[in-house]
Structures are given as C-alpha cells and as structure tokens.
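Work through the exercises below with the sequence and coordinates at hand. Each task is followed by a stepwise solution.

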Amino acid sequence: MANEDVITDDTGTTHPVRNQCIRNFERQVSGRAEIVSLYLGEKKVIGKPLNETERNFYETAESKLKDFIPCYRGVLSISQDLTIPFPEPIPNESEATERRKKKDSKDYIILEDLSSPFRHPSIMDLKMGTRHYCDDMSSDKIERKKKRSLMTTSNDLGLRIAGIRKYNIVSNQHEQMDKLAGRKIPSQSLLGVFRSFMHDGERVRFDVVAMLLTKLKECIKQVKELKLRFYCCSLLLLYEACPKTEPKVDLRIIDFGRFQRVQMDGEKYSEPDSGLLTGLINLEKILHGILESPPDGNTTGHHIEWCSAHTNGAC
C-alpha cells in the first residue's frame, strides 16, 4: 500500500491523504456501517458508506436544521483498501488487479466528527421515532421493524437507547452499553439509565443536563416546523466528562438513509413527524426528571407523564 493516497470530492478537487491518517472510527457508539476517521485539511471528519437518500438529505437540508445535524463536507471517493484482504485465492494477477480496483475505490459521505471538540466525550445514541421503516422497504423487513418496535420503548415513547459510551473520571475507563441491552430497558427504568449516563463517576452532571435541555427545546421547535419524515434517524447526546475543561455539550440528529420528503403517491406531508416529536418530547421529560430527582439518585418514586405516540406529538 502506498504511503500517500488521494481523495476526490464532488467538484473534482483532490485532497492528499496519508494512509496512516485513515482509521476506523473508535468513538462509534452504535450502527453497523463501517465508519472511518480521517482529516480533510486540518479538520477531523468521519466517512460513512454512501447512501444516496442520505446524500440527498444533506444536499437539500433546510436551514432550520443546520444547528442540529452534522456539517456535510461532500462525498469522497477514497482510493484505498480499507477492508480485510480477499478471503479466497485469486486465480491470476490480472484478475487480482481488476478486483482490487473495484475493492479499493469506495464512496463515503464526509461529515464533521461531532466528538472531535471533546477530550473525553460521553456519548449516547438514541434511536428516534415510533416508525423505523420507510415506504420502499420489503414487507418482510417492515414486519420485523414493527415487531422490534413493539417489543421496546420505541413504540410508545418514540425513543430507545441504541448505545452508550460513557467516560468515568474515577476509573479512567469507558463504560458501554450496546443496542441489544438498550432494547431490553423498560420505560419505567429509562430515567434511572439516563441519570446513570449523566453521572461521571463522582457526581451527576446537572449542569450538562440543563445545557442539553436548552438545546433540545430549540430542536423540538425547529422539527415542529418541518413537514418531513425522519424514519430510522438517531439522536446523539454528547457531553465533556473531563473535569479539567469547560462544560460542553452537543445534540444532533443523525442517520438519514430512510428520510422521506413525500409520501408514496408523491404527495407532500401536511404535518411534522409525530413519531420523532414524541421521542423528543419524552426525552425532554426525562431530562426534567433528572433535574427534579433527589441527590441520592433514587428515581423509583419519580413518575413521568409520558407523551403518547398517538397524540401526534401534541403533548
């Protein structure tokens, strides 16, 4: 493998990239996509395999959303083998060369690395919405998605935990939860899990909760003005766990591979995405619940009046 390679953006501009600067993204919390980390100029970015629907979303995204989605840098073709070697023998050199050409060129959507401003980020990935399928999915896949939603907090609350990567300042270790564990969490346990996520090993970061709550309220306001469908999207919550830095948080909607602007018949939607709004409003209730919970962390007596998925987000 050469010491230096080139990536080419949509305008035809080439950017030299050193091979050793391209890595698997170590801070990935959830999802199956092969996300890579690299530098575009002086900025640290991530690349995720190209999905044309997601590309269309970013290239036509409403200005109202710009503060709540990652910054889009374009699509880059990375002429470098980022995957494992061929699993079977290659009959001859010419065939090996041809296959390697196909294998080495892969298109990625390039987005800002939301975790890069943080020294020790604690990250939670939430699968949002009550519906996790789009109109063009197969009937079998739709049924599987519906069944999974019914078995988790997604169906009633419009959110479920897809992954956690929390930094503990006492142990200097990362504590993690995967999507399978997240699916098993019942609604009555969500407040406790969120409170645990906001605990850095020494204390609950009430300052962080308040900052996230401010961002969330503005996000809800903007989503209410958009007549779109954010099927299968996620919400990332990030905060700086390092006690030696200023408090810092971020909140972004991500993953738009199943996004829809219009219905199957081509008609535009007349209302905002009630499933996404249900999840966002219930998250707001959870964050308020943390602020109202006692210092000892006992949340068993705290009751949340959940927003129902059947009220079209009007809670």
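**Confidence and conventions**

The protein has an average pLDDT of 84, and 79% of the residues score at least 70; pLDDT is the predictor's confidence in each residue, from 0 to 100. This is a predicted model, in which local features need pLDDT of at least 70 and side-chain atom pairs count only at pLDDT 80 or more, while totals for chains, interfaces and linings use all residues. Residues are numbered from 1 along each chain as its sequence is written, and side-chain values use heavy atoms, with hydrogens and water left out.

**Exercise 1.** Describe the surroundings of His132.

Step 1. Helices (H or I, at least four residues) and strands (E, at least two) are DSSP runs, numbered from the N terminus.

Step 2. His132 counts as buried because its relative accessibility is 5%; buried means under 20% relative accessible area, with a 1.4 Å probe and protein chains only.

Step 3. List the contacts (heavy atoms within 4.5 Å). Beyond its neighbours within four places in sequence, His132 touches Lys127, Met137, Lys145, Ser154, Arg160 and Cys232.

**Exercise 2.** Which residues of helix α1 (residues 52-59) are buried, and where do they lie around the axis?

Step 1. Glu54, Arg55, Phe57 and Tyr58 are the buried residues of α1.

Step 2. They are on the same side of α1 because they cover an arc of only 160 degrees around the axis, the arc being that of the directions from the helix axis to the C-beta atoms.

How values were computed
Buried < 20%, exposed > 50% of the residue type's maximum accessible area, 1.4 Å probe, protein only.
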